[in-house]
Amino acid sequence: MTTTEATEHDRAGQSPIAPAAEPQSAPGATPPQAPPLLAKAAAELVGTAALVAVVVGSGIQATELTKDVGLQLLANSTATVFGLGVLIALLGPVSGAHFNPAVTLAEWWTARRGGAGVTLRETAVYVPSQIVGAIAGSVLADAMFGEPLVKWSTHDRSAGHLLLGEVVATAGLILLIFGLARTDRLRFAPVAVASYIGAAYWFTSSTSFANPAVTIGRAFTDTFAGIAPSSVAGFIGMQLIGTVVGLALVALIFMPGREAAE
């Protein structure tokens, strides 16, 4: 769920974060030798599938272990924090570890305006891979716990305050990722992004989906983490609005400073 750093090092195909003596790059940075698009697509598909499997699977496990909704959410959010952090650290050097169409579209927009980021071709491959991965992860989680492989969720999440929560959650995520990129701190992305999502589980009314692909995937399971298909469009719409708000905040807060007059 990271973005590439908009620096001259990236444009040269070098990591702005990893030491020069090491041939590896930090999550979100461009590797010294860019992996083929097939590898990037596989990383996005597998990473998103694993993320959704963690979210849905831990939700099922939590409801089987306790009837306390607070403990259920604690278990679900804790598993998500650790799982997401590991996935970003592992797959970041390959694809940037977006696992999220909102992040991919935001990075494409940044690249379109002269910054570093994914190309239109990569975006066209990343987004379907993320969606397919999210659905596969939901089905996998259901299979592991003996649930119906596909059962539409009946968990309605269409209330206005939940939609506002998605705007806030997504805007914060975009601000964090692109803010780290602007300040050359993407080496902190695995911890920072995972920590933000864990916190947003609790401080947003929607429990922070903040991800169109994950939202679609979670509609396929009628379990703790599910979302009713009728609520999906509203959530995705608010996530896209949150993406625009997040990019606007990045432009405002991290605008380049003027050189002091001599």
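These are my notebook entries on a predicted model of a protein.

**Ground rules**

I number residues from 1 along each chain as its sequence is written. In this predicted model, local features need pLDDT of at least 70 and side-chain atom pairs count only at pLDDT 80 or more, while totals for chains, interfaces and linings use all residues; side-chain values use heavy atoms, with hydrogens and water left out.

**Entry 1: overall build**

I looked up the secondary structure and found 9 helices and 0 strands. Helices (H or I, at least four residues) and strands (E, at least two) are DSSP runs, numbered from the N terminus. From the N terminus on, the elements run α-α-α-α-α-α-α-α-α. I then looked up burial: of the 262 residues, 52% count as buried. Buried means under 20% relative accessible area, exposed over 50%, and partly exposed in between (1.4 Å probe, protein chains only).

**Entry 2: the cavity**

How many cavities of 30 Å³ or more does a search of the whole structure find? I noted 1. A cavity is a set of points, on a 1 Å grid over the protein atoms alone, where a 1.4 Å probe fits but cannot get out; lining residues have an atom within 4 Å of a point. Rolling a probe the size of a water molecule over the atoms shows where empty space is left.

The largest cavity has a volume of about 120 Å³. Such a volume is the space filled by probe spheres set on the points, and grid points are joined across faces, edges and corners. Of the 14 residues that line the largest cavity, the closest to its centre are Leu-51, Ile-197, Ser-208, Phe-209 and Val-214. I wrote down the elements that give two or more residues to this lining: α2 (37-65), α3 (69-95), α7 (189-203) and α8 (212-218). By class, the lining has 9 nonpolar, 4 polar and 1 charged residues. Here Ala, Val, Leu, Ile, Met, Phe, Trp, Tyr, Cys and Pro count as nonpolar, Asp, Glu, Lys and Arg as charged, and the others, Gly among them, as polar.

Ser-208, already listed at the cavity, lies in the loop between α7 and α8. Its phi is near 55°, a positive value in a residue other than glycine. Is Ser-208 buried or exposed? Ser-208 counts as buried because its relative accessible area is 4%.

Ala-97 sits in the loop between α3 and α4 (101-112). Phi of Ala-97 is near 50°, again positive in a residue other than glycine. At 0% relative accessibility, Ala-97 is buried.

**Entry 3: the salt bridge**

I searched the whole structure for salt bridges (a side-chain nitrogen of Lys or Arg within 4 Å of a carboxyl oxygen of Asp or Glu) and found 1. The side chains of Lys-40 and Glu-122 meet in it, at 2.8 Å, N to O. This pair links distant parts of the chain, with Lys-40 in helix α2 and Glu-122 in helix α5, 82 residues apart. Lys-40 and Glu-122 are both buried.

**Entry 4: two arginines**

Arg-121 is in helix α5 (residues 120-144). Arg-121 is exposed, because its relative accessible area is 61%. Arg-121 and Leu-37 are 84 residues apart in sequence, yet 9.3 Å apart in space, C-alpha to C-alpha.

Arg-218 is found in helix α8. With a relative accessible area of 3%, Arg-218 is buried. I checked Arg-218 against Trp-152: they are 66 residues apart along the chain, and their C-alpha atoms are separated by 8.8 Å.

Definitions and conventions. On a 1 Å grid over the protein atoms alone, a cavity is a set of points where a 1.4 Å probe fits but cannot get out, and a pocket is an open set with protein on both sides within 12 Å along at least five of seven lines; lining residues have an atom within 4 Å of a point.
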